[in-house]
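Okay, thanks for making time, everyone. Let me put the structure up, and we'll walk through it together.

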Amino acid sequence: MKKFLSVWIFACFTLNVSAETISIRADDWFPMNGNPNDLKPGYMIELAKAIFTPLSVTVDYKMMPWERALHEARAGNIDCVVGAYKDDAPDFVFPNEHWGLDETSFFVQKSDQWKFDGNLENLSKRKVGVITGYAYDDEFDAMAEKLKGVAFQFMTGDGALDKNIKKLLAGRLDTLVESTAVFNSKTQEMGVQKQVKSAGSLTEAVPMYIACTPNSEKSKRLMKMVDDAMPKLRGDGTLTKIMSNYGLDAW
């Protein structure tokens with residue numbers, strides 16, 4: 001009996017040390033990442049699986065409000081987030097190469113003639129919807145915080161973008177700030193794309209990344225896996241195939 005127990009313990013220990021998981025969390029930000037149960041969970045999730053699965057690392061992906069995801073990763077309770085700007089989490093561990101470029105734009109109702117003219121001061125006369133924990137632009141973020149509850153309304157929790165779009169259509173907001181790709185995808189999903197329009201860009205294209213907790217040595221090893229895998233995935237066409245599945249071009 002003791003011998004059998006010893007063998008069983010050794011087998012379990014071997015299994016545990018040989019199996020590895022990378023936990024990834026982020027809010028719904030499709031086409032970068034979306035419902036983990038969908039056939040198309042987002043190109044960043046498919047890319048993560050293409051990198052880690054062949055290395056016997058299981059991708060554990062779930063959705064979580066963005067601010068909480070950053071908090072949990074920073075605390076070391078989860079490994080990584082996806083869709084991060086370096087301004088979102090400058091202390092995190094990033095790979096050498098970004099995972100796509102993102103442009104942030106203003107959106108209004110179709111009938112609204114307002115357009116962003118580059119002067120942030122004019123936003124003080126608007127009702128602007130943003131999402132808590134997002135980094136948009138340094139100057140813009142400072143103004144949003146200064147005018148929080150006055151001209152700027154911060155949405156938190158699950159489905160933050162859905163809620164902001166509904167508030168825009170109901171007239172409780174008159175301006176939204178969001179990733180162009182994400183906003184277009186979400187309004188199409190909601191069937192309201194013809195009721196809204198772009199009113200100009202806040203930023204030029206900004207790099208997005210997978211980013212991992214600064215409180216674990218594991219992060220550097222995971223990002224080394226990413227850095228080693230990306231040239232191969234680009235070279236064998238895997239990256240192009242994943243991106244085309246979402247109607248996007250590889251960078």
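Find A26 first, please: across from it, in strand β2, stands M63. This is a predicted model, by the way, so keep that in mind as we go. A26 belongs to strand β1, residues 20-26, and seven bridges join β1 to β2, with the two strands running parallel.

Now zoom out a bit. What order do the strands of this open sheet come in? Reading across, we get β2-β1-β3-β11, four strands with mixed pairing. The edges are β2, residues 57-63, and β11, residues 209-212, each of them pairing on one side only. On average, neighbouring strands here are turned by 30° against each other, if you ignore direction.

Okay, helices on that sheet. Helix α2, residues 43-52, packs on it and touches β1, β2 and β3, and its direction makes about 165° with that of β2. Then there's helix α3, residues 66-74, which lies across β1 and β3 and runs at about 135° to β3.

Who's actually meeting whom? On the α5 side we have L161, D162, I165 and K166, and on the α6 side V182, F183, K186, T187 and M190. Sort the residues of that contact and you get five nonpolar, one polar and three charged.

Which of its residues are buried? That would be A160, L161, D162, N164, I165, K167 and L168. And what do those buried residues pack against? Quite a list: strands β5, β6, β7, β8 and β9, plus helix α6.

Last thing, how confident is the prediction? The protein chain has a mean pLDDT of 93, and 93% of its residues reach 70 or more.

How values were computed
Residues numbered from 1 in each chain as written. Predicted model: local features only at pLDDT ≥ 70, side-chain atom pairs only at ≥ 80, totals over all residues. Heavy atoms only, no water. Contact = heavy atoms within 4.5 Å. Nonpolar A, V, L, I, M, F, W, Y, C, P; charged D, E, K, R; others polar. Pairing = 2+ DSSP bridges. Axes fitted to C-alpha atoms, helices over the stretch in contact; angles between N-to-C directions. Buried < 20%, exposed > 50% of the residue type's maximum accessible area, 1.4 Å probe, protein only. pLDDT = per-residue confidence, 0-100.
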